[in-house]
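Please look through the model below before reading on. The numbered points that follow can be checked against it one at a time.

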Amino acid sequence: MARIVLGTRMAVFASMPHLKLIVVDEEHDPSYKSGEGARYSARDLAVYRARLNGAKVILGSATPSLESWYHSRPAAEGGRYLRLEMPSRVGANAVLPNIAGVLPSTAGVLPLVRRVDMSHQPKGCVISPPLLDAIGQRIARGEQSMVFLNRRGYAPVLSCSDCDWKSTCPHCSAYRVFHKIDRSLRCHHCGFSERVPRACPDCGSLDIAPVGRGTERLEEQLALLLGGISRPDGSAVRIARIDADTTKLKGSLETQLAQVHSGEVDVLVGTQMIAKGHDFRRITLVAAINPDGALFSSDFRSPERLFGLLMQAAGRAGRDASNTSRSEMWVQTFHPTHPLYEALKQHDYPAFAQSQLVEREQAGMPPFSFQALVRADARTQEAAQAFLNAASQASLEVPELAAWRAHVSLYPAVPMSIARVANVERAQMLLECSSRTALQRFLSGWQTTLHASRAKPECKGLLRWAVDVDPLLI
Ligand SMILES: [Zn+2]
Ligand SMILES: [Zn+2]
């Protein structure tokens with residue numbers, strides 16, 4: 001019988017009669033939540049299972065989820081978890097960098113965070129001159145840089161300058177992304193792909209051009225801008241890109257990572273994939289090209305995810321102790337004084353968490369309330385919304401639900417942010433409640449009503465529906 005089981009989120013179900021300890025590393029990672037088939041949060045199940053078995057749980061993270069952080073406030077204030085802090089960075093010899101309080105830590109210096117105010121840079125520039133200069137200096141010294149942008153492909157949309165045609169996906173309410181490498185327009189939602197047209201499909205104009213940029217275009221631009229700089233041995237600069245497009249083949253990610261490790265690559269370009277976890281020892285500069293979008297997203301968890309990502313990314317710089325003194329994290333932004341970046345500069349997760357928790361408490365959002373989403377897929381947007389609204393209305397007429405219904409706010413059905421994917425219309429309804437018990441009782445009692453609502457004539461064309469408790473994406 002195995003004494004230790006290592007695994008991904010499924011491992012939380014492993015049969016272990018003498019279970020005494022569960023370690024959930026990077027507990028904030030959204031991949032612990034399973035959104036298809038059996039829906040569960042492996043992190044929350046770990047806590048639940050440990051309670052049933054009388055085992056201990058360690059949730060480890062340098063940027064905990066705000067839920068876990070809030071639960072670990074002092075017991076006198078109602079905290080249920082014990083917060084173990086590890087104030088200094090784990091040095092080169094440790095194997096598990098983020099498990100708080102478990103490992104002896106050697107002193108490590110956190111990278112210096114530099115914010116570039118993009119409103120003071122040449123108009124339309126993608127990589128600001130000071131950042132470019134800093135990358136160039138590192139190439140000349142034989143050090144590595146990592147540049148990330150959260151969008152793959154060459155450009156997110158192709159547009160005609162004569163008639164305003166755009167590369168919309170015929171099956172989704174989204175644009176198809178231009179991939180220059182194989183001259184394709186690909187929908188990242190349904191996979192629909194076509195060769196790039198030579199002329200505008202609507203007006204025949206040849207003047208169709210990419211708008212915006214993804215990692216492929218960034219790689220091309222960096223190659224152009226850094227082309228004149230040589231490495232210490234006089235050879236030409238080498239730029240590599242790692243994202244979902246370059247790592248489709250089995251084993252290709254490992255090969256590419258090995259090239260970075262061996263020092264063959266001077267500048268690594270990629271999506272957030274490269275910011276997570278990989279231990280690149282010779283990287284002394286990490287740059288976020290355009291992270292501002294998440295500051296003003298309609299999803300209230302966006303700032304939390306951005307902060308976690310930037311902290312993780314900063315952690316990639318200077319992991320080799322001999323390089324830490326000069327390692328830097330660069331952030332290009334139009335909002336350099338935003339509190340999120342201020343906290344990042346200080347590497348101050350507690351300050352960031354505190355400001356977010358104040359906002360969430362004022363707005364009555366998790367962890368100060370509990371949420372569930374009901375999602376409906378249908379042939380038409382009307383049917384999807386009608387189903388949700390009908391089920392909501394019908395819940396008022398069920399006497400057994402009344403006691404719980406009184407505590408739960410049901411918002412009107414709305415289209416999902418990408419309303420149509422692969423010709424399926426999608427809508428959602430948010431439920432909010434200050435009591436988890438009331439929410440759970442309501443949801444379980446409501447199932448019958450939801451099933452019954454399918455039969456209503458206005459719901460014709462409904463394909464499926466599902467309840468998501470503690471939704472991570474809203
Ligand atoms: Zn046109
Ligand atoms: Zn599509």
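**Notes on the model**

1. The donors of the zinc ion (ligand 1) are spaced along the chain as C-x2-C-x36-C-x2-C. Cys163, in the loop between strand E7 (157–160) and strand E8 (177–179), and Cys200, in the loop between strand E10 (193–195) and strand E11 (208–211), are 37 residues apart and link distant parts of the chain. Helices (H or I, at least four residues) and strands (E, at least two) are DSSP runs, numbered from the N terminus.

2. This is a predicted model, in which local features need pLDDT of at least 70 and side-chain atom pairs count only at pLDDT 80 or more, while totals for chains, interfaces and linings use all residues. Residues are numbered from 1 along each chain as its sequence is written, chains are lettered from A and ligands numbered from 1 in the order in which they are written, and side-chain values use heavy atoms, with hydrogens and water left out.

3. Which atoms coordinate the zinc ion (ligand 1)? They are the SG atoms of Cys160, Cys163, Cys200 and Cys203, at 2.3 to 2.4 Å. Donors are N, O and S atoms within 2.8 Å of the metal (3.2 Å for Na, K and Ca); water is not among the atoms, so sites may look incomplete. The angles among the 4 donor atoms are 105 to 113°, and the site is tetrahedral. Four donors count as tetrahedral if all angles lie between 85 and 135 degrees. The ideal angle for four tetrahedral donors is 109.5 degrees.

4. Is Cys200 buried or exposed? Cys200 is buried, with a relative accessible area of 3%, and Cys163 is partly exposed at 33%. Buried means under 20% relative accessible area, exposed over 50%, and partly exposed in between (1.4 Å probe, protein chains only).

5. An open sheet of 6 strands runs in the order E5-E15-E14-E6-E13-E12, with parallel pairing. Strand E5 (112–117) and strand E12 (239–242) are the edge strands, each pairing on one side only. The twist averages 20° from one strand to the next. E12 pairs with strand E13 (residues 267–270) over 4 bridges, and Arg241 has Val269 in E13 as its bridge partner. Two strands pair if DSSP finds at least two bridges between them.

6. A search of the whole structure finds 8 aromatic pairs. Rings of Phe, Tyr and Trp (its six-membered ring) pair if their centres lie within 6.5 Å; planes under 30 degrees apart count as stacked, over 60 as edge-to-face and the rest as tilted. Phe13 and Tyr40 have ring centres 4.9 Å apart and planes at 75°, so this pair is edge-to-face. Phe13 lies in the segment before strand E1 (21–25) and Tyr40 in strand E3 (residues 40–41), so the pair ties together parts that are 27 residues apart in sequence. Phe13 is partly exposed at 49% relative accessible area, whereas Tyr40 is buried at 11%.

7. Trp69, Phe307, Tyr349 and Phe352 form one aromatic cluster.

8. Some backbone details remain. The peptide bond from Pro366 to Pro367 is cis, with omega near 5°; Pro367 is in the loop between helix H8 (349–363) and strand E16 (370–378). Asn423 has a positive phi, near 65°, and is not a glycine. Asn423 sits in the loop between strand E18 (414–421) and strand E19 (424–433), where Asn423 is partly exposed at 39% relative accessible area.

Methods
Axes fitted to C-alpha atoms, helices over the stretch in contact; angles between N-to-C directions. Tetrahedral: all angles 85-135°; square planar, octahedral: opposite > 155°, others 65-115°.
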